[in-house]
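Welcome! Take a moment to look over the structure below, and then let us walk through it together.

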Amino acid sequence: MRLLAWLSSLLSAAFLLHAQSSSFQPSFQLTQFPTGCPSNAAPVQVLTGDFNGDHITDLVIACGANPAAFSIDQFSVLLGKGDGTFQAPIVTSIASTPVHIYTSGLPALTAADVNGDGVPDLVLMSEAGTGFEVMFGKGDGTFLSPLPDF
């Protein structure tokens, strides 16, 4: 008898929780921030990571002046403040190096610790997807010039 009463109470509580949760409406705060892309370019890829070693998520935004050409020619690093906002973009142009390709499902840019120093580096797919370039991270949200044909 006790078991039946306990089970009945448990089922009633579960029903009440379900009834309350179906009326729950989440709300989100929308925050807009500059991407660092020039006015003639659009963001084509976004990466997340900790690019300055402060354990706060940062963003890297790849910008393409001609999305129809499937290329990127600069990227911006937005260092996170830890409250959902970001510092001003640190812009790096890569337009003077070979075209960096992106296609649907195949990014041109990825972050990885290539040299094992604990700092994320940027790896870029170079012209026509035939090779890679590496930009070693300095640990402050900036990167060294690309090393081609890695």
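Helices (H or I, at least four residues) and strands (E, at least two) are DSSP runs, numbered from the N terminus. By that count, the protein has one helix and nine strands, following the pattern α-β-β-β-β-β-β-β-β-β along the sequence.

A word on the origin of these values: this is a predicted model, in which local features need pLDDT of at least 70 and side-chain atom pairs count only at pLDDT 80 or more, while totals for chains, interfaces and linings use all residues. Residues are numbered from 1 along each chain as its sequence is written, and side-chain values use heavy atoms, with hydrogens and water left out.

**The whole protein**

A residue is called buried under 20% relative accessible area, exposed over 50% and partly exposed in between (1.4 Å probe, protein chains only). Of the 150 residues, 29% count as buried. Contact means heavy atoms within 4.5 Å; among contacts with a separation of 6 or more, 38% come from residues 24 or more positions apart.

Why is strand 2 largely enclosed by the rest of the structure? Seven of the seven residues of this strand (residues 58-64) are buried, so the rest of the structure largely encloses it. In a regular strand the side chains alternate between the two faces of the sheet. Here Asp58, Val60, Ala62 and Gly64 point one way, Leu59, Ile61 and Cys63 point the other way, and all are buried.

Two strands pair if DSSP finds at least two bridges between them. Strand 2 pairs in the antiparallel sense with strand 1 (residues 42-49) over seven bridges, and Leu47 stands opposite Val60 there. Strand 2 also pairs in the antiparallel sense with strand 4 (residues 74-78), over five bridges, where Ile61 stands opposite Ser76.

**A cluster of rings**

Rings of Phe, Tyr and Trp (its six-membered ring) pair if their centres lie within 6.5 Å; planes under 30 degrees apart count as stacked, over 60 as edge-to-face and the rest as tilted. The structure holds two aromatic pairs:

| Pair | Centre to centre | Angle between planes | Kind |
|---|---|---|---|
| Phe51 and Phe143 | 6.0 Å | 65° | edge-to-face |
| Phe75 and Phe143 | 5.8 Å | 75° | edge-to-face |

Phe75 lies in strand 4 and Phe143 in the segment after strand 9, so their pair ties together parts 68 residues apart in sequence. Phe51, in the loop between strand 1 and strand 2, is 92 residues apart from Phe143. Phe51 is buried at 2% relative accessibility, Phe75 at 0% and Phe143 at 10%. Ring pairs link Phe51, Phe75 and Phe143 into a cluster.
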